[in-house]
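Please examine the sequence and the structure shown below. The paragraphs that follow lead through its nonpolar cores, one of its sheets and its aromatic pairs.

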Amino acid sequence: DGPLSDIESIDMGGYHVCALTSEGHARCWGYNIEGGLGDGNLGTNSNVARKVLYDPGDGTPVALGNLVDVATGYTTSCAVDGNGEVWCWGNDYQGLLGNGDQDTQSYDIAQKVLYLNDVLEVDMGNYHACALRSVDKGNLACWGYGQNYRIGSDGNTWHHPRVVEGFSNTSVEAVSAHYDSTCVVVNGDMSCFGNAEHLWVDETEYIWDFLQNPYLPPPPPENP
């Protein structure tokens, strides 16, 4: 804990920030009422960067290491380690931690997400998360709150990762999760699903049609 240095990447959530260090640690600061800092101090906010912890099995939390990516949501955060596994901490609202629990409690240290061991990167919306995986394992998996089809399902909430239909065995190159929608890049083209009210293209203020399944959006109308 303390001053930050050797930062590889940084991400901002609704009320907190997390940075990935060159040593492979996640360090977070800000609002911690629901455990979004992952430092084991639920309810205690911090204005200095704190290392994210996990329990290796002996009941004594230690720093979570070997991390290669970090993402923040509203009051929850997730990270990918060098083995392709995903860890999340904070509020478990609507299954956002992906550990199978069907509660809404908060976790102030990292919890392992189920069924993932080949993840390249992860991104988070307010109450859902999506992971980019290797092609032979389904390529794109999402979990959490399913309203407005933001996780590409039938609108149901999932408490563990689920392969997004329409992207199985597809070369997804990047994923970005927003408030209640998700976009991916496939072969250089963008494809989105979720709530159309929060999907915008460039500076044209063009709102995509609300569709229940992932799709390649039409181009925005030409400026008059």
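Two residues are in contact when they have heavy atoms within 4.5 Å of each other. In this predicted model, Cys-88 touches Ser-77, Cys-78, Leu-96, Leu-97, Ile-109, Ala-110, Gln-111, Val-113 and Trp-143, leaving aside residues up to four places away in sequence. Cys-88 also belongs to the largest nonpolar core, which has 17 residues. Together with Val-86, Leu-116 and Trp-143, Cys-88 touches the most other members of that core. Two or more residues of the core come from each of β8 (76-81), β9 (86-91), β11 (119-124), β12 (128-133) and β13 (140-144). The largest share, three residues, is given by β11. A second, separate core comprises 13 residues, among them Cys-18, Ala-79, Trp-87 and Ala-110.

Attention now turns to a sheet. Three strands form an open sheet in the order β15-β16-β17, and their pairing is antiparallel. Because β15 (172-177) and β17 (189-194) stand at the edges with a single partner strand each, one side of each is left without a neighbour in the sheet. On average, neighbouring strands here are turned by 20° against each other, direction ignored. Five antiparallel bridges join β15 to β16 (residues 181-186). Ser-176 lies opposite Cys-183 of β16.

The aromatic residues form the last topic. How many aromatic pairs does a search of the whole structure find? The search finds six.

Tyr-54 in β5 (residues 53-54) and Trp-87 in β9 are 33 residues apart, and their pair links distant parts of the chain. With a relative accessibility of 11%, Trp-87 counts as buried, and this residue is included in the second core. Finally, Tyr-15 and Tyr-31 form one aromatic cluster with Tyr-74, Tyr-93, Tyr-127 and Tyr-145.

Key: Residues numbered from 1 in each chain as written. Predicted model: local features only at pLDDT ≥ 70, side-chain atom pairs only at ≥ 80, totals over all residues. Heavy atoms only, no water. Core = buried A, V, L, I, M, F, W, Y, C linked by side-chain atoms within 4.5 Å. Buried < 20%, exposed > 50% of the residue type's maximum accessible area, 1.4 Å probe, protein only. Helix = DSSP H or I, 4+ residues; strand = E, 2+ residues; numbered from the N terminus. Pairing = 2+ DSSP bridges. Axes fitted to C-alpha atoms, helices over the stretch in contact; angles between N-to-C directions. Phe/Tyr/Trp six-rings, centres within 6.5 Å; stacked < 30°, edge-to-face > 60°.
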